[in-house]
Amino acid sequence: MKASVFVGTSVDGYIARSDGALDFLPPDGGEPHGYDEFMASVDALIVGRHTYETVLAFDAWPYGDKPVFVLSTKALRPPPAGAVVERMMGSPEEIVATLARRGFQHAYVDGGVTIQSFLRAKLIQRLTITRVPVIIGVGIPLFGPTTRDVMLKHIRTQQYPSGLVKSEYEVLA
Ligand SMILES: NC(=O)c1ccc[n+]([C@@H]2O[C@H](COP(=O)([O-])OP(=O)(O)OC[C@H]3O[C@@H](n4cnc5c(N)ncnc54)[C@H](OP(=O)(O)O)[C@@H]3O)[C@@H](O)[C@H]2O)c1
């Protein structure tokens, strides 16, 4: 099973403020920059519990009826009607093996801690990072300490009129 990341960050690399707020990201993604096409390419989501709780507070559940696997060691707050949510725990290797066994082909991995642990386990093949034109100084980082260099191949970078800059990378090793 392939796994990809599609995330928005401040120019200084934060995915949320320290309290989880996303107010520095433009509402609804700002302008079309490939999110819908990316979502159409995945058949499952793997999200950390913090990300799940953020999304639960949105006005509308953004994942439709796509299966969402929420990683947590605790019981989850109930999902809204129509959402397909399952809690999972274990190593990234175990989670990917379980989803692959169940026939999933392409997972969207989301949440800072979660992305970092899947990257460490070499289980992310594609990273798409959209920088929004703001520096927020402090917050929840997309990346953190690593025990080794993660080599990337730059695929493309696109700029958008509102100032979004989207870069896609293949994770090499
Ligand atoms: N800018 C963006 O595009 C973007 C995208 C996604 C998220 N965000 C924001 O980023 C913030 C969340 O990121 P985050 O780094 O705090 O956390 P996160 O990755 O969403 O969640 C971390 C939690 O997930 C659970 N978890 C992770 N791996 C696990 C595993 N292998 N097994 C069991 N449980 C596991 C643990 O929950 P338990 O403590 O329950 O065990 C852990 O505390 C939110 O504010 C969210 O809105 C922004």
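**Reading the sheet**

Analyst: Leu-45 stands opposite Tyr-108 in β6. This is a predicted model, in which local features need pLDDT of at least 70, side-chain atom pairs count only at pLDDT 80 or more, and totals for chains, interfaces and linings use all residues. Residues are numbered from 1 along each chain as its sequence is written.

User: In what sense do β3 and β6 pair, and over how many bridges?

Analyst: Two strands pair if DSSP finds at least two bridges between them; helices (H or I, at least four residues) and strands (E, at least two) are DSSP runs, numbered from the N terminus. Here β3 and β6 pair in the parallel sense over four bridges. Tyr-108 in β6 also has Ser-4 opposite, and three bridges join β1 to β6, again in parallel.

User: What is the strand order of the sheet, and which strands are at the edges?

Analyst: The open sheet has eight strands in the order β5-β4-β3-β6-β1-β7-β10-β9, with mixed pairing. Its edge strands, β5 (84-88) and β9 (152-159), each pair on one side only.

User: Is β6 mostly covered or uncovered?

Analyst: A residue is buried if 20 or more other C-beta atoms, placed from the backbone, lie within 10 Å of its own. Four of the five residues of β6 are buried, so by this definition the strand is mostly covered.

User: Which helix lies across β3, β4 and β6?

Analyst: Axes are lines fitted to C-alpha atoms, for helices over the stretch in contact, and angles run from 0 to 180 degrees between N-to-C directions; contact requires C-beta atoms, placed from the backbone, within 7 Å. Helix α2 (residues 49-56) lies across these strands at about 105 degrees to β3.

Methods. Two residues are in contact if their C-beta atoms, placed from the backbone, lie within 7 Å. A residue is buried if 20 or more other C-beta atoms lie within 10 Å of its own, exposed if 12 or fewer, and partly exposed in between; C-beta atoms are placed from the backbone.
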